[in-house]
Each structure stands twice: as structure tokens, then as C-alpha cells.
Amino acid sequence: WLKPWRLRSSWRRNGLGPAQSAHKSSAMKPFTRLALLSALAVAHARAWTIRGGLRLRQGAKVARRHEALLFARTSARQRSARARASAGLIDQMKVVHKTAYWGQVSLGNPPQPFKVIFDTGSGNLIVPAATCNMPGCAPHKKYDPKASSGSSLVTNERGEASSEISFGTGQVAGNFYKDKLCMAEALCFEASFIAAEKMSPEPFREIPFDGIMGLGFKDLSMGDGFNVVDDLAVRAGANSVFSFFVSDGEDSEVTFGGYRPERLASDIVWAPVKVESWWQVAIDDITFNNVPKSLCGGKCQVAVDTGTSMLAGPSDLVDKLSSMVDAKEDCSNFDELPTLGFQIGDTVLNLRPDDYMDKSPSGCSFSLMALDVPPPKGPVFIFGDPFLRRFVTIYDRSKPAVGFAVARHNGAADEAAASSLI
């Protein structure tokens, strides 16, 4: 058992307080927990292109990657609908769902603190570099290798010493470093990461966190020593399980080394990972009120993505589901809308209309976004924050598999309702 690391940040007023001491469980002992801070909005970004090269070491190669999920681009029509719904909610002083969650880690000796989003849809740790003078870096803490006694430039096994990464709505570029990474007082190890010398103004100028900690599989990482999930087990000796509990309140957290049974309102349903890249599992069908609709033909898959605020899916299936749900724009049939379920074996994980609809005084709209991911990873559904608020998700690298359980937000009330959700 390790002492829980307590989060202190000026962003606490928009988010979450420190994690409390873990409760002992015979099922699994959490290694450490980090409280997650949150934001109410994430700016929609425009495309931007990095101009000018990095200061590269002689003979070193540049790794070029594209991250398909983080800061993913949606259609103008969908952005407009989401904006109208959000504006209506804000105008009426209603509660708006939080759309980004982040916590604090440190790099270097002495430690340099950074707020990072924990993202199961990517595979690298990225923070701004002290040498970055671009608008995308300006609001954020920056990593200074000269201020750390353990910092070193590194090259991966392919001879690459830097990277250029494009996202759906932005880009970063930077050199590879190795230094001490701490996720808690007693959870520290040497990690390789990207110190970004260039970050596009959008979305990075607007985001409330400094960097990204990718928790996906190794094929998303820049090479050996860059994958945090693998390194937790190999370098830190930690259990290869981590879990997310996400809420609109002040108690969201990520737990490394296990999960907290008191956060669960149901048994855990496990699904094996089908594609070791994102945490991607197969679903047998899509259901309305637990009735299968024969929409998948055994080919549907879902990526559970802690780095996105959206629910998304292949455009053809999203169009079919929108038509089948048949929600009225004036919300007149909202109370009659079905639960929308995703079947795994004999179990169905259900979302209520509150989860999959955008509802405001100005109207109602189906909130699943169209996002077409090409093979071999796609087509795939993306389960972001609306799903994560409904279910605790548990990620077991050793299997590998993803576990789902109804989240306990309201004690006995959630236990009573669990049978309708799973």
C-alpha cells in the first residue's frame, strides 16, 4: 500500500478535490489514485500546420504519426448542433456536463509539475518544452531539461530522435527525452517522452491542461520506454491494471494498480481487447430497450477513450441509429426514448436518453457524432465521457481486457438502478 498522492491546483475551483485514502479490498489493491480535475468546455479547433523544422541531431530521424481520436474533428453540422444545445443550457443556468478531465504528474529531479489528460486513445507522454515560444505553449508549464539532473536526449530503436504528430485539429513536434516520471510520491520511474518545441495554437492554446499522458498500447507509442502502461509494470513493479471513475461532481479519479470496489454499483463485465492499439473491444449488437436490432453482424467494435468528450461511431450506423431513435427536435417524445445498448455476449451496457441526447431549452438532438475510422482499426464506435460517467472502466494490460461496471454516484440508488443499465 502506498500513500495516496494529493492533488493541489488552482484549477480546483472548476474541478475536483484531492483523493481520499484508499479502502482495502480483497479483490485488488489499488497502487495509487490521482484525483481528476475537469473543465466545462473544450474549444473547437481549426486546422493548423507546423511550419519550420525542429533542431535535430545530426543523422537522427523524425517519427511522423497521426492520432485519430484525440481532438478529433467533427462535421460543421454536428458542431453547430452541439453548440446550440450547450448555449441553451448555459443560458438557462443549467448544469453542463464536464468535457475534459486531467490530473497532475511530475517530470525531472527536482520535480517539475504538469497537468495532463489521461488518454487511453493515444500512447505517448507529451509536454511543452522550455524552448517552445509558440502561442500553443504560452499558457502552459514547460519542461526544462537544464533544470533536471536526470534529463537526457534519447533515440528510439528505429534511430528516431524527434516526432511530428498530427491530431484531428492540431499538431505538435518535439524531441525525445528521458527523465524521472512521478505519478505519486512512491510511484516514480524513468520514462521516455516528447518535449514539444512546437504546438499549434488550436487546440493547445485553449486547453486547461499542459500535456497528454497516453495510456494506449505500444503500437501508439514512439518506441521502447515510451509506453506508460507497459513501463508501470516493468519499471515500477506496479499491477498492470488501472481504472477510471468519472463524474460531474468533485470525486473523479484514475486509479493505478487496480480499482475501488466501493465505486462499483454492479458486477464487472469483462470484454477481451480485439485490437491492441486503442482499448478496443467487440460488441455483438446494438439494442433498444435490450432488444437486439441486428445492426452489427458480428463486426461492431468499440474503443473506450478517456481522452474525448464525445460518443461517436461509423457514419452509416450513426445515421441509422438517429433515424431509429426518432427523437423530436422539440423534445416532445424525450420521455419515451429507449435505452441505447451495446451487447457483449449475454450482457447489454445501456445508455439512457440523458447520455446519448443533447437536450436544452432550444431543442433536442442525437449526440452521437459521425467519425469514420478506416480499417484495420475501424469502423469503430468511440465511447468517451458520456459513457464513462455511466460506467466505471477497468483496463487490464495482462489479459488484455476492459471491464465495465455501473458507476456508483448515488449509493443505494445506483445499485437499485444497475439492473436497468447492465
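pLDDT is the predictor's confidence in each residue, on a scale from 0 to 100.

**Entry 1: confidence.** I noted at the outset that this is a predicted model. I looked up the confidence first: the protein averages a pLDDT of 80, and 76% of the residues score at least 70. Over residues 73–97 the pLDDT stays under 50, and here I recorded 35 contacts beyond four places in sequence.

**Entry 2: overall make-up.** I looked up the secondary structure and found 7 helices and 27 strands. The protein has 422 residues, and 59% of them count as buried. I recorded an accessible surface of about 17,500 Å², with 49% of this area belonging to carbon and sulfur atoms. For contacts between residues at least 6 apart in sequence, I noted that 73% join residues at least 24 apart.

**Entry 3: strand β6.** I examined β6, which covers residues 125–128. Which way do its side chains point? L125 and V127 point one way, while I126 and P128 point the other way. I noted that all four are buried. In general, the side chains of a regular strand alternate between the two faces of the sheet.

I next looked up the partners of β6. Strand β11 (residues 211–214) runs antiparallel to β6 and is joined to β6 by 2 bridges; within β11, M213 is the bridge partner of L125. Strand β10 (residues 187–199) pairs with β6 in the parallel sense, over 3 bridges. In β10, A196 stands opposite P128.

**Entry 4: a four-stranded open sheet.** I traced an open sheet of 4 strands in the order β17-β16-β20-β21 and recorded its pairing as antiparallel. Why is one side of β17 and of β21 left without a neighbour in the sheet? β17 (291–292) and β21 (347–351) stand at the edges, and each has a single partner strand, so one side of each remains without a neighbour there.

I then followed the pairing at β21. Strand β20 (residues 340–344) is joined to β21 by 5 bridges, and the two run antiparallel. For F342, I found L349 in β21 as the bridge partner. As a general point, strands of a sheet pair through backbone hydrogen bonds, either parallel or antiparallel.

Conventions:
Residues numbered from 1 in each chain as written. Heavy atoms only, no water. Buried < 20%, exposed > 50% of the residue type's maximum accessible area, 1.4 Å probe, protein only. Contact = heavy atoms within 4.5 Å. Areas by Shrake-Rupley, 256 points an atom, 1.4 Å probe, with all protein chains shown as cover. Pairing = 2+ DSSP bridges.
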